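Here is a short briefing on charged side chains and how they pair. Look over the sequence and the model, then read the points below.

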Amino acid sequence: QKQLVESGGGLVQPGGSLRLSCAASGFTLANYATGWFRQAPGKEREVVSCITSSDGSTYYLDSVKGRFTISRDNAKNTVYLQMNSLKPEDTAVYHCATSPQCNQGFDYWGQGTQVTVSS
């Protein structure tokens, strides 16, 4: 059974850091592009970052460039999102999802993890 499970969310003060994990089971995550998305209350879902399966190329939302880093550990079948210098506007539920390519539709989603940035 294919499954994606996110973890690592929580409450953090502005300027703090969190590392989100997207662990796959039942399939090889390295064979897919993996994206991180977020959705805040009352706002549309937006893609935060994506990493390709072919060469590990990465994409970032402009507002997170220089603060967030996406990476994959194929041995652990996991993709990470390191989030530094967090801001209150980063507060959202973060989901990971898979796709054949970063610029195609994402068809398999995890349940999400809450990130709250507040003092």
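A salt bridge is a side-chain nitrogen of Lys or Arg within 4 Å of a carboxyl oxygen of Asp or Glu. Side chains of opposite charge can pair when their charged atoms come close. The model is predicted: local features need pLDDT of at least 70, side-chain atom pairs count only at pLDDT 80 or more, and totals for chains, interfaces and linings use all residues. Residues are numbered from 1 along each chain as its sequence is written, and side-chain values use heavy atoms, with hydrogens and water left out. The structure holds four salt bridges.

**The salt bridges of Asp 90**

- Asp 90 pairs with Arg 38 in a salt bridge, and their closest N and O atoms are 2.9 Å apart.
- This pair links distant parts of the chain, 52 residues apart. Asp 90 sits in the loop between β8 (78-83) and β9 (92-99), while Arg 38 belongs to strand β4 (residues 33-39). Strands (E, at least two residues) and helices (H or I, at least four) are DSSP runs, numbered from the N terminus.
- Asp 90 also forms a salt bridge with Arg 67, at 2.8 Å from N to O.
- Arg 67 lies in the loop between β6 (58-60) and β7 (68-73), so its pairing with Asp 90 ties together parts that are 23 residues apart in sequence.

**Arg 38 and the network**

- Arg 38 has a salt bridge with Glu 46 as well, with the closest N and O atoms 2.7 Å apart.
- Through shared partners, salt bridges join Arg 38, Glu 46, Arg 67 and Asp 90 into one network.

**Buried or exposed**

- Buried means under 20% relative accessible area, exposed over 50%, and partly exposed in between (1.4 Å probe, protein chains only).
- Asp 90 counts as buried because its relative accessibility is 1%.
- Arg 38 is buried too, at 6% relative accessible area.
- Both Asp 90 and Arg 67 are buried.
- Glu 46 has 30% relative accessibility, so Glu 46 counts as partly exposed.

**Other surroundings of Asp 90**

- A polar contact is a pair of N or O atoms within 3.5 Å; within protein, one must be able to donate a hydrogen and the other to accept it, and residues adjacent in sequence count only if both atoms are side-chain atoms.
- The backbone nitrogen of Lys 87 is 2.8 Å from a polar side-chain atom of Asp 90.
- Leaving aside residues up to four places away in sequence, Asp 90 touches Arg 38, Arg 67, Phe 68, Ser 85, Val 115 and Val 117. Contact here means heavy atoms within 4.5 Å.
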